[in-house]
Amino acid sequence: MPDKELVKKFYTHRLDTLLSISDAKQALHARTEIDPQFSINWNTVCGWSEASRYDHETSETQARDMLAAVADPQYGVLPWLKTVW
C-alpha cells in the first residue's frame with residue numbers, strides 16, 4: 001500500500017514539491033546552470049500558482065511570455081520535463 005502522505009504530495013501545483021518527489025531537482029539545477037534561456041523560462045514558470053489563473057490583472061504580454069516559457073520546443077519547461085519525468 002502506498003504511503004498516504006506521499007500520494008497527497010502528487011496532488012499539488014507546487015513545482016518545487018513535484019520536482020522533489022520525481023527526483024528531477026538535480027536535472028533542473030544542471031540545466032539551469034548551463035542554459036541561460038531555459039533558466040529565464042524556468043523563472044517565468046515558477047511565478048505561476050493556481051491562483052494565477054484567476055488574476056485578471058495579468059496582461060496579454062505576461063500570458064504570452066508564460067506560454068512561450070512553457071512550450072518553446074528548445075528552451076521550454078514542458079519539453080524538458082518530458083525528458084526527465
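Are Trp-42 and Trp-80 buried or exposed? Both Trp-42 and Trp-80 are buried, where buried denotes under 20% relative accessible area, exposed over 50%, and partly exposed the range in between, for a 1.4 Å probe and protein chains only.

The model is predicted, so local features require pLDDT of at least 70 and side-chain atom pairs count only at pLDDT 80 or more, while totals for chains, interfaces and linings use all residues. Residues are numbered from 1 along each chain as its sequence is written, and side-chain values use heavy atoms, with hydrogens and water left out.

**Overall architecture**

The chain contains six helices and zero strands, and its elements follow the order α-α-α-α-α-α from the N terminus. Helices (H or I, at least four residues) and strands (E, at least two) are DSSP runs numbered from the N terminus. Along its principal axes, the C-alpha trace spans about 45 × 35 × 15 Å. Of the 85 residues, 20% count as buried. Contact means heavy atoms within 4.5 Å; among contacts between residues at least 6 apart in sequence, 51% join residues at least 24 apart.

**Nonpolar core**

A nonpolar core is a set of buried Ala, Val, Leu, Ile, Met, Phe, Trp, Tyr and Cys residues joined through side-chain atoms within 4.5 Å. The largest one has ten residues, namely Leu-19, Ala-24, Leu-28, Phe-38, Trp-42, Val-45, Ala-69, Val-77, Trp-80 and Leu-81. Helices α4 (36-46) and α6 (77-84) each contribute at least two residues to this core. With neighbours within four places in sequence set aside, Leu-19 is in contact with Ala-24, Lys-25, Leu-28, Trp-42, Trp-80 and Leu-81.

**Aromatic pairs**

Rings of Phe, Tyr and Trp (its six-membered ring) pair if their centres lie within 6.5 Å; planes under 30 degrees apart count as stacked, over 60 as edge-to-face and the rest as tilted. The table gives the geometry of the pairs.

| Pair | Centre distance | Plane angle | Class |
|---|---|---|---|
| Phe-38 and Trp-80 | 5.4 Å | 55° | tilted |
| Trp-42 and Trp-80 | 6.5 Å | 70° | edge-to-face |

Phe-38 belongs to helix α4 and Trp-80 to helix α6, so their pair ties together parts that are 42 residues apart in sequence. Both Phe-38 and Trp-80 are buried. The pair of Trp-42 in helix α4 and Trp-80 in helix α6 likewise links distant parts of the chain, 38 residues apart. Through these ring pairs, Phe-38, Trp-42 and Trp-80 form a cluster.

Phe-38 also takes part in a charge–ring arrangement: the charged end of Arg-31 sits over its ring, 4.5 Å from the centre. A charge is assigned to a ring in this way if NZ of Lys or CZ of Arg is within 6 Å of the ring centre and within 35 degrees of the ring normal.

**Largest pocket**

The largest pocket has a volume of about 200 Å³. Its lining comprises Thr-44, Gly-47, Trp-48, Ser-52, Asp-55, Thr-58, Gln-62, Ala-63 and Met-66. Helix α5 (residues 60-71) gives the most to this lining, with three residues. A pocket is an open set of points on a 1 Å grid over the protein atoms alone, where a 1.4 Å probe fits and protein lies on both sides within 12 Å along at least five of seven lines; lining residues have an atom within 4 Å of a point. Grid points are joined across faces, edges and corners, and a volume is the space filled by probe spheres set on the points.

Thr-44, one of the lining residues, is placed in helix α4 and counts as partly exposed at 29% relative accessibility. Beyond residues up to four places away in sequence, Thr-44 touches Asp-65, Met-66 and Ala-69. The C-alpha atoms of Thr-44 and Met-66 are separated by 6.4 Å, although the two residues are 22 apart along the chain.

**Further individual residues**

Asn-41 is found in helix α4 and is buried, with a relative accessible area of 8%. Not counting residues up to four places away in sequence, Asn-41 touches Ala-68, Ala-69, Tyr-75, Gly-76 and Val-77.

Asp-23 lies in the loop between α2 (15-22) and α3 (25-34). Although Asp-23 is not a glycine, its phi is positive, at about 60°. Asp-23 counts as exposed at 69% relative accessibility.

Pro-73, in the loop between α5 and α6, is exposed with a relative accessible area of 74%. Pro-73 and His-29 are 44 residues apart in sequence and 19 Å apart in space, C-alpha to C-alpha.
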